[in-house]
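Please keep the sequence and the coordinates at hand while reading.

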There are 2 protein chains.
Amino acid sequence: MVASESVLHRYEQVATHVRHLIESGTYSSQEKLPSVRNLSTQLQVSITTVLEAYRMLEDQGLVEARPQSGYYVNDRTPLPPRLAGQTLVEDPVDVGMGEFLMRFLRDFQRRDLVQFGSACPNPAFLPTARLARGMGKVAKEIGLQGNQYDIPPGCETLRVQIARRALQSGCVVAPEEVMLTLGCQEALTLCLLATCKAGDAVVVESPTFYGHLQAIEMLGLKAVEIPSDPVHGLSLAALRQSLEDVPVRAVLLCTNFSNPTGASLSDDDKQELLEILGRHELPLIEDDIFGDLSHAPHRPHAARAFDRHDRVLLCSSFSKTLAPGYRVGWVLAGPRYMPRLHQLKLFSNLGSPILPALAISEFLSNGAFEHHLRQCKRHYARQVCQMAEAVARNFPAGTLVTRPKGGFVIWVELPVGCDTRTLYPKAIELGLTFGPGPIFSARGRFRNCLRLCAPYWDASTEPMLVRLGDLLRARCSR
Amino acid sequence: MVASESVLHRYEQVATHVRHLIESGTYSSQEKLPSVRNLSTQLQVSITTVLEAYRMLEDQGLVEARPQSGYYVNDRTPLPPRLAGQTLVEDPVDVGMGEFLMRFLRDFQRRDLVQFGSACPNPAFLPTARLARGMGKVAKEIGLQGNQYDIPPGCETLRVQIARRALQSGCVVAPEEVMLTLGCQEALTLCLLATCKAGDAVVVESPTFYGHLQAIEMLGLKAVEIPSDPVHGLSLAALRQSLEDVPVRAVLLCTNFSNPTGASLSDDDKQELLEILGRHELPLIEDDIFGDLSHAPHRPHAARAFDRHDRVLLCSSFSKTLAPGYRVGWVLAGPRYMPRLHQLKLFSNLGSPILPALAISEFLSNGAFEHHLRQCKRHYARQVCQMAEAVARNFPAGTLVTRPKGGFVIWVELPVGCDTRTLYPKAIELGLTFGPGPIFSARGRFRNCLRLCAPYWDASTEPMLVRLGDLLRARCSR
């Protein structure tokens, strides 16, 4: 043992050893550390010494003890941003970001850029070849029927599978309470059409997914932004106050692993949300697209699980978990809205193609989905931690970053004065994209924020984040 | 020879023989009769005698001589209906036929009914197995890319094929002037969104395809019905007058083989239509879905072929010719509207699935489409004649029926007093559907009209039309 260590207690030496394992990256955030017994054997110290070492590291905030499980590396990323934005009641506002947004969305498709901006799942995690083989098999079996209109509600075998899986989110639905759509985005659009008329106002969280704002814009609706906490989600207090003063027609919300913040409403908050909506007789359009990508073994409840009055229209899809290119999404809704949804889907495009739906149904019915999902979740959980940590290491001092418990997007708040809109073209020059904060707000808020997506993580990822960090530090300090 | 024939001239005997061939159904409307030489050999009479016989039948309106081709059976169906409906200028009207229409559309899917109501193509005429094999092949070749978002304008290889085929309709377009959609219906919906705001009025022909009315209803638009002649199409005089008095935002029209009448605008009328629209700075949303199904060897021009001011948004799809179940349609449009159309497609559903588009592209690129199309056209041309003749034979006296030169729908005008809405449930009891006239009008006109579709024709078809005819004769005479 070297001199400096000789003055340390035995347990302090063990703690130093573990700290080194963490700081060198051998164990990352949220990963399980060696068990007490293993460490005792490896280092030839007593169980009590290892326990004391872990207790010390716990006190220092470096590790976390989980009952019946062991010790885990704590997040070392900065605290997430807090509730931001206007908490005063605001008037509904027209949404008009079409051209502004299109520019980013076009960049998000470029293969020559590192796509921190785009929330597409990692193609390497998708069972693409297997789905394609399934589609070929089904097409052969079904024959002529594979080339017929599949009118709403759409392919029954898939609706049965979706109804079964809905149980995991606490939703008990019959297959006839499922309607297939062209991805989650069409589901959201049809739900807005089913609940609102042009000129009506819709509550959205702030920041919110730009796709929500696009649908609102397209249909000539207005947005009322309600601040959303990056951990706890929509401020129910602000919602309550706003609904007293502003006439709105619907609430549109990611209740779990919201895009872009990753925030989730607790079960209690979901129930309270429904009570508030009940008082105003308002429908909730629930965007649950990331719900299945919980980093924990079990997914959280959907707000629809607490819905006793057929007030929630739940929208989701397989685009984040299985097949973005197959464009298979759905709405769960009861008799209050379902007949109108059938009409609207029929009026919009008659129905979706049936073969992609059948290919996914085939994949679900042979039980492959749950195994596949577990793997995806593990990858994304790790990558989200890696990215949050890299942001903490490389972005300007004072940067805050979310630690989502599901999905693969993180929300970064830079020091005030950073302007992600003007920084964006510089990032493109560096060969990468990000989601500039203002595309997540109808009022162009969050100029000092950005969304980063972590579908990928390899040796080239952190160097690109280092580049971005250098840019931010250089430009934000001016 | 029997006595009655002995008093006839030789040529009259030949004419009687041919007349019998026609009346017994051995040769149907528009079919080529035996050549003069063949008949002369068969009946052992001189060429001159046969020529005299044919001349007599021509005078009687039973056959038609076509230069360099021979003699053909003339249509024996009654004259088509004439321009109907209100020719006075009318105010725009809200469209609210959702539930009323849904009932018929649901019946149109029932496999236990003979579907005279539904304009689905005959599955036996579609290259379904070949398309499915093509999709499997392409999915394997393209790998991961087959499971990616295909954002607007969508799959380039297919857009190149569509741009090439557009030349046949007189349209010279670049691939970037093509945007893929989920069938023609989505193309129409997006074009309405691109040109109108809620509350705006849109000109439609009367009668018009119910899908046009559905899209107008869904988007909160109003309809202005302009009478359409079952042969010559939209009354330009009525349009001209209406545009002077009523503010409208767009014109939505089938210019070729309109659904339900089968009418086409002449090239001159198309040019005049564009002049009128130019005077009012109005866009034309041109529904060309049946354009490729001309019964003649060459298809007619699209109105877009005459468009010098980027005013026409042409909508079509492969749903009638190739693959209703693949949901592949498109818009042809220039720089005036295309950027907005890209936005709207993206906002609605991000994009269509790419594999169906690639499967169709594969089918087109190996040259199989033109051969396939010739066969379809031949079938439908014959079946439309057979159906029109069966209507003439079996429906109440005074019935008028169209003789479309493309597509496979015919429009039937029953004697005044027949009410196709109230007759409809009786038809369902008989085991068949039809399209009741009022679903083709925002104002519920055409109660004594109905649409029949002729995708099928076999031994069981005419007996079903006989049943329908019996019902009509029994109920309309009351």
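## Covered elements, sheet pairing and aromatic contacts

Helix α9 (residues 210-218) of chain A is mostly covered, with 9 of its 9 residues buried, where buried means under 20% relative accessible area, exposed means over 50% and partly exposed lies in between (1.4 Å probe, protein chains only). The buried residues of α9(A) are Tyr210(A), Gly211(A), His212(A), Leu213(A), Gln214(A), Ala215(A), Ile216(A), Glu217(A) and Met218(A), and just after α9(A) the residue Gly220(A) adopts a positive phi of about 70°. Helices (H or I, at least four residues) and strands (E, at least two) are DSSP runs, numbered from the N terminus.

This is a predicted model, in which local features need pLDDT of at least 70 and side-chain atom pairs count only at pLDDT 80 or more, whereas totals for chains, interfaces and linings use all residues. Residues are numbered from 1 along each chain as its sequence is written, chains are lettered from A and ligands numbered from 1 in the order in which they are written, and side-chain values use heavy atoms, with hydrogens and water left out.

Chain A contains 16 helices and 17 strands. Its radius of gyration is 24 Å, close to the 23 Å that the globule rule gives for 478 residues, so chain A is as compact as a globular protein of that length; the radius is taken over C-alpha atoms, and the rule is 2.2 Å times the number of residues to the power 0.38. Along the principal axes, the C-alpha atoms of chain A fill a box of roughly 80 × 55 × 45 Å. Of the 478 residues of chain A, 62% count as buried, and the chain exposes about 18500 Å², of which carbon and sulfur atoms supply 50%; accessible areas come from the Shrake-Rupley method with a 1.4 Å probe, and for residues only the protein chains shown count as cover. Among the contacts in chain A with a separation of 6 or more, 75% are accounted for by residues 24 or more positions apart, a contact being heavy atoms within 4.5 Å.

In chain A, 4 strands form an open sheet in the order β13-β14-β17-β16, with antiparallel pairing; two strands pair if DSSP finds at least two bridges between them. The edges are taken by β13 (400-401) and β16 (435-436) of chain A, each of which has a single partner strand, so one side of each is left without a neighbour in the sheet.

In chain B, β14(B) is mostly covered, with 5 of its 5 residues buried. Val409(B), Trp411(B) and Glu413(B) point one way from this strand and Ile410(B) and Val412(B) the other way, and all are buried.

| Strand pair | Bridges | Facing residues |
|---|---|---|
| β13(B) and β14(B) | 2 | Val401(B) and Val412(B) |
| β14(B) and β17(B) | 5 | Val412(B) and Leu450(B) |

Over all chains, 26 aromatic pairs are found, a pair being rings of Phe, Tyr and Trp (its six-membered ring) with centres within 6.5 Å; planes under 30 degrees apart count as stacked, over 60 as edge-to-face and the rest as tilted. One of them is the edge-to-face pair of Phe290(B) and Phe408(B), at 5.6 Å centre to centre and 85° between the planes. Phe290(B) lies in the loop between β10 (284-287) and β11 (312-317) of chain B and Phe408(B) in the loop between β13 (400-401) and β14 (409-413) of chain B, so the pair ties together parts that are 118 residues apart in sequence. Both Phe290(B) and Phe408(B) are buried. In chain A, ring pairs link Phe209(A), Tyr210(A), Trp411(A), Phe440(A) and Phe446(A) into a cluster.

Helix α14 (residues 368-394) of chain A holds Gln383(A), which is buried at a relative accessible area of 6%. Leaving aside its neighbours within four places in sequence, Gln383(A) is in contact with Phe125(A), Ala454(A), Pro455(A), Tyr456(A) and Trp457(A). In chain B, Arg393(B) lies in helix α14 (residues 368-394) and counts as partly exposed, at 47% relative accessibility.
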